[in-house]
Amino acid sequence: ETTLVLPEWLTPGEEYYMQALVGPSGGPQARLTNLMKLRVENPAVPPQTMSHDDGSGEWGYGRSIGGDFCWMHRFDGLPGETTITHVITAFGSVSSPSTLPDGTECTLFVWDDPDDDGDPSDCVLVSSAGGIVAENNSNLLTVFSVPPAEVHGVFFVGCMITKGDDQTAASYDIHTSYRAGHSWYCSDDTPGGFDPQDLMNN
């Protein structure tokens, strides 16, 4: 097994040619290998979790009118392209329990903001997946897998539930510093009427 230590000035994605000296340095048996082509690959980027809270919800939130209710959060992606593979959220709260039962169906969404202005009205839906409410009113986060979504710059994630009148759905963290324009909700009074493709249609 041979380990090559490459100089830092090599550019990822570029190809280089090299020769190696094999054998005792300066000895009679030392020889140069044939010319070899080398491609420098981009280093693997470890998965990262982007959060918008401290992991503990104090209140439950949801409109008093029943129907489809979707809560959303804005995030600023990493430079270049960001791949989203999971959406994490919580339901209800310990202090103001929701009557929304575990097992209720929900839908997770990822939207890309095409002009990166932080306004979700023109967002483009890039991924969605169905899920089931679990650990309601427990202050525990639930991790949902979504089909890998490529986003650039600002993006939004959300969770939609069809709920009854006076039912809370989302867990609300009151201890995280308020950031204007980062938390949103949209709804449709008609169950099943929520339109994730055109958020202005809700």
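Trainee: Does S187 count as buried or exposed, and at what relative accessibility?

Mentor: Buried means under 20% relative accessible area, exposed over 50%, and partly exposed in between (1.4 Å probe, protein chains only). S187 has 16% relative accessibility, so S187 counts as buried. Note that this is a predicted model, in which local features need pLDDT of at least 70, side-chain atom pairs count only at pLDDT 80 or more, and totals for chains, interfaces and linings use all residues. Residues are numbered from 1 along each chain as its sequence is written, and side-chain values use heavy atoms, with hydrogens and water left out.

Trainee: In which strand does S187 lie?

Mentor: Helices (H or I, at least four residues) and strands (E, at least two) are DSSP runs, numbered from the N terminus. S187 lies in strand 11, residues 183-188. The protein has eleven strands and zero helices.

Trainee: Which residues is S187 in contact with, leaving aside neighbours within four places in sequence?

Mentor: Contact means heavy atoms within 4.5 Å. By that criterion S187 is in contact with R63, D68, F69 and N202. With R63 there is also a polar contact, side chain to side chain, at 3.1 Å. A polar contact is a pair of N or O atoms within 3.5 Å; within protein, one must be able to donate a hydrogen and the other to accept it, and residues adjacent in sequence count only if both atoms are side-chain atoms.

Trainee: How many residues has the largest nonpolar core?

Mentor: A nonpolar core is a set of buried Ala, Val, Leu, Ile, Met, Phe, Trp, Tyr and Cys residues joined through side-chain atoms within 4.5 Å. The largest one here has 22 residues, and C106 is among those with the most contacts inside it. Two or more residues come from each of strand 6 (67-89), strand 7 (105-112) and strand 9 (142-163). Strand 9 gives the most, with eight residues. Another core, of twelve residues, lies apart from it and includes F109 and L199.

Trainee: What does C106 touch, not counting residues up to four places away in sequence?

Mentor: The partners of C106 include F91, A129, F144, C159 and I161.

Trainee: What share of the residues of the protein count as buried?

Mentor: Of its 202 residues, 36% count as buried. As a contrasting case, Y172 in strand 10 (residues 170-172) has 39% relative accessibility, so Y172 counts as partly exposed.
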